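Keep the 3D view open and follow along.

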Amino acid sequence: MQYLIQLLISGLAIGAIYGLIAMGFAVIYKSTGLVNFAQGEMTMITAYIAWTISTTVSGNVFVVALGAILAAILLGLIIERFVMRPMLGEPVFATVMVTIGLAVILRSAINFIWDAYPHGLDIGMGHGIVHLGGIGVRTGQLAVIATLLLLLAAIWAFFRYSKVGVAMRAVAADDRTALLMGISATRVHALAWAASSVIAGIGGVFFALSYDLSPAMFQLGLKAFPATILGGLDAVLGSGLGGLLIGITENLAGGYVGSGMKEVAGFAMIIVVLMVRPFGIFGERDIERV
């Protein structure tokens with residue numbers, strides 16, 4: 001029983017990281033109708049910037065957090081302005097191919113700017129052990145789960161009650177009609193890319209804090225994408241919860257079936273779910289139009 005609980009807790013922790021990155025996918029899709037295949041690489045870049053700040057400027061957690069968030073915002077805005085904005089009005093396939101090309105460029109930038117060796121992110125916290133019912137849990141695991149839950153609540157309130165959130169949903173539904181109503185699609189897209197970069201970047205920093213930092217971190221995007229599909233590409237909250245489900249499923253499969261099954265459990269899960277609900281558990285039916 002103790003082994004099961006340990007698998008569930010660690011599954012929730014890694015699932016929360018998947019959920020944060022999956023929410024980044026969903027924020028961009030919900031606001032622009034675009035799937036960003038460079039999400040994992042943007043996550044990795046933010047984590048590397050956080051590590052650089054911690055080793056060259058200050059290891060203070062607040063300095064690292066603030067620097068990483070500002071860097072993520074800047075990264076999202078630069079990509080939207082100089083890469084994605086010129087693609088407005090172009091076919092979806094062409095735009096998706098641009099994000100794939102962007103992913104390759106960002107991945108190569110890691111070796112060019114930093115190096116190909118693994119590094120540990122140390123900000124003076126996250127490595128402590130808390131005992132819950134006789135089970136040791138790292139504080140970093142508890143922090144990432146709490147962060148996901150807080151962001152889920154904040155984003156739900158943002159899209160439901162704020163004027164900006166409603167504007168983002170309107171642009172995703174019909175950008176031409178939204179423009180006639182005085183809503184700036186370019187500003188909405190810029191905000192979506194910045195928000196997506198920050199949310200996914202937070203997940204990347206937590207991963208680097210709990211595990212390590214390496215050029216292989218881009219694979220987090222591949223791990224998180226099933227969570228987005230499972231929850232629904234247009235469902236930001238569903239994507240976050242989908243991450244938790246994927247994390248738990250992977251851990252249970254790896255713990256009870258075999259380590260090889262851990263890598264494919266998430267993809268097997270979405271195949272089964274999509275056979276029943278092609279638009280995801282929490283997605284809307286019009287997701288089928290893409």
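Is the crossing of α2 and α4 left-handed or right-handed? It is left-handed. The coordinates behind that answer come from a predicted model.

Start with the geometry of this pair. Two packed helices are described by the angle between their axes and by the distance between those axes. Helix α2 covers residues 39–56, and helix α4 covers residues 92–113. Their axes are 9 Å apart, and the packing angle is about 25°. Angles under 35 degrees count as roughly parallel, so α2 is roughly parallel to α4.

Now look at the side of α2 that meets α4. From α2 come E41, M42, M44, I45 and Y48. From α4 come A103, L106, R107 and I110. Sorted by class, this contact has seven nonpolar residues, two charged ones and no polar ones.

Stay with aromatic rings for a moment. The whole structure holds seven aromatic pairs. One of them joins Y48 and W114. Their ring centres are 5.1 Å apart, with 40° between the planes, and the pair is classed as tilted. Y48 sits in helix α2, while W114 lies in the loop between α4 and β1 (129–132). Helix α9 takes in residues 219–231, and helix α12 takes in residues 265–276. They pack at an angle of about 20°, with their axes 9 Å apart. That makes α9 roughly parallel to α12. The crossing of α9 and α12 is left-handed. On the α9 side, the contact uses L222, P226, I229 and L230. On the α12 side, G266, F267, M269, I270, V273 and L274 take part. By class, the contact of α9 with α12 has nine nonpolar residues, one polar residue and no charged residues.

The α1 and α6 pair has another layout. Helix α1 runs over residues 2–32, and helix α6 over residues 163–173. Their axes come within 5 Å and cross at roughly 65°. Angles of 65 to 115 degrees count as roughly perpendicular, and α1 and α6 are therefore roughly perpendicular to each other. V27, K30, S31 and T32 of α1 touch M168, R169, V171 and A172 of α6. The residues of this contact divide into four nonpolar, two polar and two charged.

Finally, turn to the record. An unreviewed UniProt entry annotates several stretches as "transmembrane region", including residues 91–114 and 190–209. In the model, residues 91–114 are 92% helix and 0% strand. The end C-alpha atoms of that span lie 35 Å apart. Residues 190–209 are 100% helix and 0% strand, with end C-alpha atoms 28 Å apart.

Conventions: Residues numbered from 1 in each chain as written. Predicted model: local features only at pLDDT ≥ 70, side-chain atom pairs only at ≥ 80, totals over all residues. Heavy atoms only, no water. Axes fitted to C-alpha atoms, helices over the stretch in contact; angles between N-to-C directions. Helix = DSSP H or I, 4+ residues; strand = E, 2+ residues; numbered from the N terminus. Parallel < 35°, antiparallel > 145°, perpendicular 65-115°, else oblique. Left-handed = near helix turned anticlockwise from the far one by under 90°. Contact = heavy atoms within 4.5 Å. Nonpolar A, V, L, I, M, F, W, Y, C, P; charged D, E, K, R; others polar. UniProt positions renumbered as here; feature names shortened; annotations may be inferred. Phe/Tyr/Trp six-rings, centres within 6.5 Å; stacked < 30°, edge-to-face > 60°.
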